[in-house]
Amino acid sequence: KRGGMPAAQRAVASRPLRQEPMAPTSLIGLLLAVGADGLCAGPLHRVQARNLRTNKVLLLETAQAASDAAVRDALAADRYVATNRFSVRDGKGPKFEQRWANRKSRLATLPGFRYFHLMRQVELTEPIGKEEHDYVSLTIWEDKDAFTAWRKGDAFREAHGGTSIFDFVSTLVSSARILKGAPSPVFYDGLLHMGSGPPVNAPATVDGWRQ
């Protein structure tokens, strides 16, 4: 025993400590704790980071310029087209058509209204692909504001059975018996408008109401 410490303890105390290699998980933890910028904050790293930011700004500016060019090159819309696609239950096509034909409409009195057509899909002798809907209603307006005014006005509620609770419920029940699922609306900007006058068999209108 020397200096108050047993020989065995002196041997342990004088033995050099062995450095354990840092485990990969410990290194990852250190990186997360300190941050990559803290470990690599040298001049080269700062230059690389600045270049990356510059390149990002250039890419964003290039993408914005391409988008602006596409808008400038696009044709100006001259109409707003609202369509609704319908699938009917087997054998209910004629009833669906008569429901449209017998329903009063005053679209012709509304500002911005231009044209309406109900279209029935044609069965091909040699199918090249079938549209999943049987009918499409197409309404052409002067612009979107005119369509929105109709959509929020009394004429829309009148055409869709919304004048009373009874009429509304009756319309819902009738639709459920005829249609397979809900209608599917799609909207378009009208381009390159051209016309040659109304068809000769267009329904007559009195004060804007289709008779």
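Modeller: The structure holds 13 aromatic pairs, where rings of Phe, Tyr and Trp (its six-membered ring) pair if their centres lie within 6.5 Å, with planes under 30 degrees apart called stacked, over 60 edge-to-face and the rest tilted. One of them is Phe86 with Phe96, a tilted pair at 5.2 Å centre to centre and 55° between the planes. Phe86 is in strand S1 (residues 79–86) and Phe96 in helix H5 (residues 93–101), so this pair ties together parts ten residues apart in sequence; helices (H or I, at least four residues) and strands (E, at least two) are DSSP runs, numbered from the N terminus.

Keep in mind that this is a predicted model: local features need pLDDT of at least 70, side-chain atom pairs count only at pLDDT 80 or more, and totals for chains, interfaces and linings use all residues. Residues are numbered from 1 along each chain as its sequence is written, and side-chain values use heavy atoms, with hydrogens and water left out.

Tyr135 belongs to strand S3 (residues 135–141), so its pairing with Phe96 of helix H5 ties together parts 39 residues apart in sequence. Tyr135 is buried, as is Phe96.

Elsewhere, Tyr80, Phe113, Trp141, Phe147, Trp150, Phe156 and Phe187 make up one aromatic cluster.

Key. Buried means under 20% relative accessible area, exposed over 50%, partly exposed in between (1.4 Å probe, protein chains only).
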